[in-house]
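Colleague: I would like to go through this model with you. Could we take a few side chains, then the wider chain, then the interface?

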Amino acid sequence: MGLGQWLEYRLGLSGLKRAGQAYLDKRVPSHVNYAFTLGTAALALFATQVASGILLALNYSCSLASAHESVRRITYELPSGWLLRSFHAWSAHLMVLILFLHMTRVFWYGGYKSPRELTWLFGCGLLFATLAFGFTGYLLPMDQVAYWGTVVGTDPFFGLPGLGDHVGQMVRGGGRVTDATLSRFFIIHVLVLPGAVAALVGAHLYLVARLGISTRASVKVELERGHANLMQEQGEPFAKHMYREITTVIGVLSLSVVLAVLFPSELGEPFTADRTPKGVKPEWFFLPVYQLLKYFPKLTGILLANAGIVLLVLLPFLDRNPERAPSKRRFLLGVASAALFVTLFLGLLGFVSDRRFGSWEFDIRGVPHRVETK
Amino acid sequence: MYICDIVKPADRTRRDFLGQACAAAACASCALAALPVSDYLVPRPDRALSGPVTVAKVDDIPEGSAKVVRVGAAAVLLVRHAGQLRAMSAECTHLSCIVEWDSRQSKIVCNCHGGLFEPDGRKISGPPKSDLAPLPVRVVGDRIILGT
């Protein structure tokens, strides 16, 4: 018995191989384009994040006293440490951006409608888990920006009605950001979230494979005629689309490496709990919420932000229009475009607030004031 | 007639019942375990200032200046202004950033979002909702003592 047969007898992998080849022969709607490769790109980035994250964690020291020094060693002393850290950071930014774009594409084409509601829910879970990755990873370098960004970012939890103190203490591991905070953020970042994402990705991909990519036909037409029948008439083999997916994955990973080389991550001064530096801000993907909280009392701002999240998650159940084609959903797409514009504008205000550009100084609300230049 | 006959038709098997009983037991176990786990995750609150403690020397804080000192986990701002020495929490009441003394305008400022306070901790402007919490302080000889 050869090795191949020995393994086949014990593992039975030929069935898996047949399933994989059958998947390549599956048909996808003919309107799929490069915008439909973003999910795969996000998955590829997640895989590289796990690999680079493990390598970084091997030299990371998880305590307030030594975390900054270990990151300094990784960045400035260990061979290729700077590249590894920068690649990890840039891949994280790209992953969040690509997930937003992927979600926008799904929304635009009505891919969240029946029977793909659960796919959307698992996808929302993946988005929140990715944002949580960014939030927990932000603290780990323990420089001034990381520490104070986390102090400011975790404070709203204490403002939750009723349970605020309990939840806030659980998040920080106490009343303040301490060793306990770093420990739990580290464990959540390297154990809890990767496990959660792996499970959510598994569920999400299972549903995508089972239900197929949505067509332009309405919910009613797909239900009556069946997705498989529609694909026989209108689709193309998945193998043809796979070339686009491979191209996008290579492109995105290459972009991450190029950005890491051209704009390597730096490390700020070690944190000090006795002095808050000027201009502490969260990562770009939290800027809209950060800015929103400035215009309303804390609780109102938190409720508004959460209302937006709840609407997003419940979208498949709130949108009763059976049509998928964008031309037949103008009202909802108009409302969503307006909401997206407001979100981006808030993010822009968050970026420019407390900053000076030439002779214009922006206050904390993002209102510009002309200043005298000498 | 048994209770399970009321809940489900007579074609319910023992296997169905055992499966549901196991699921119910698992859920109940998770719910029970959640209580001590929740307690474990929420640590004991930071100990409040107990008893007087010397935090600085009088000479450390000249007139018109201030200093942030640590008392346990708490950050305390000591301000000497208009001949008076005051102590208050150094954590801004907006989002807990550490405030600073601005000697140019003789005010307390928060670098995070522009909160502004009087030398005695009363809020003047900005997003903070309340004044900086005052703390009892006294001078004994050349020592500044916090707490009663």
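Colleague: Is D319(A) buried or exposed?

Modeller: This is a predicted model. In it, D319(A) counts as buried, because its relative accessibility is 14%, and buried means under 20%.

Colleague: Which side chain does D319(A) meet in a salt bridge?

Modeller: The side chain of D319(A) meets that of K113(A), at 2.6 Å from N to O. This pair links distant parts of the chain, as the two residues are 206 residues apart. K113(A) sits in the loop between α5 (81-108) and α6 (117-139) of chain A, and D319(A) sits in the loop between α15 (315-318) and α16 (330-352) of chain A.

Colleague: And K113(A), buried or exposed?

Modeller: K113(A) counts as buried, because its relative accessibility is 3%.

Colleague: What about R72(A) and E69(A), where do they lie?

Modeller: Both lie in helix α4 (residues 67-76) of chain A. They are three residues apart, about one turn of the helix.

Colleague: How do R72(A) and E69(A) count by accessibility?

Modeller: R72(A) counts as partly exposed at 25% relative accessibility. E69(A) is partly exposed too, with a relative accessible area of 38%.

Colleague: Let us move to chain B. What is the distance between the closest N and O atoms of D102(B) and R104(B)?

Modeller: Those atoms are 4.0 Å apart, and the two residues form a salt bridge. D102(B) counts as buried at 14% relative accessibility, whereas R104(B) is exposed, with a relative accessible area of 76%.

Colleague: Which residues do salt bridges with shared partners join into one network?

Modeller: The network consists of E69(A), R72(A), R73(A) and E77(A).

Colleague: How many salt bridges are there over all chains?

Modeller: The count over all chains comes to 17 salt bridges.

Colleague: New topic: T154(A). Where does it lie?

Modeller: T154(A) belongs to helix α7 (residues 144-158) of chain A. T154(A) counts as buried, because its relative accessibility is 1%.

Colleague: What does the side chain of T154(A) make a polar contact with?

Modeller: The partner is the side chain of R172(A), at 2.8 Å. Leaving aside residues up to four places away in sequence, T154(A) touches F135(A), V171(A), R172(A), V177(A) and F185(A).

Colleague: Now for helix α11 of chain A. Which of its residues are buried?

Modeller: In α11 (residues 227-234) of chain A, the buried residues are H227(A), L230(A) and M231(A). They lie on the same side of α11(A), because they cover an arc of only 100 degrees around the axis.

Colleague: What is on the face turned away from the buried side of α11(A)?

Modeller: That face of α11(A) carries the exposed residues A228(A), Q232(A) and E233(A).

Colleague: And what covers the buried residues of α11(A)?

Modeller: The cover includes β1 (27-29), α9 (179-211), α10 (219-225) and β2 (235-237) of chain A.

Colleague: How many helices and strands does chain A have?

Modeller: Chain A has 16 helices and five strands. Of its 374 residues, 41% count as buried. The C-alpha atoms of chain A fill a box of roughly 70 × 60 × 50 Å along the principal axes. Among contacts in chain A between residues at least 6 apart in sequence, 74% join residues at least 24 apart.

Colleague: How many salt bridges cross the interface of chain B and chain A?

Modeller: The rule finds two salt bridges across that interface. One side-chain pair that meets in a salt bridge is E91(B) and R176(A), at 2.6 Å, N to O. Between chain B and chain A there are also nine residue pairs in polar contact.

Key: Residues are numbered from 1 along each chain as its sequence is written. Chains are lettered from A and ligands numbered from 1 in the order in which they are written. This is a predicted model: local features need pLDDT of at least 70, side-chain atom pairs count only at pLDDT 80 or more; totals for chains, interfaces and linings use all residues. Side-chain values use heavy atoms; hydrogens and water are left out. A polar contact is a pair of N or O atoms within 3.5 Å; within protein, one must be able to donate a hydrogen and the other to accept it, and residues adjacent in sequence count only if both atoms are side-chain atoms. Buried means under 20% relative accessible area, exposed over 50%, partly exposed in between (1.4 Å probe, protein chains only). Helices (H or I, at least four residues) and strands (E, at least two) are DSSP runs, numbered from the N terminus. The arc is that of the directions from the helix axis to the C-beta atoms. Contact means heavy atoms within 4.5 Å.
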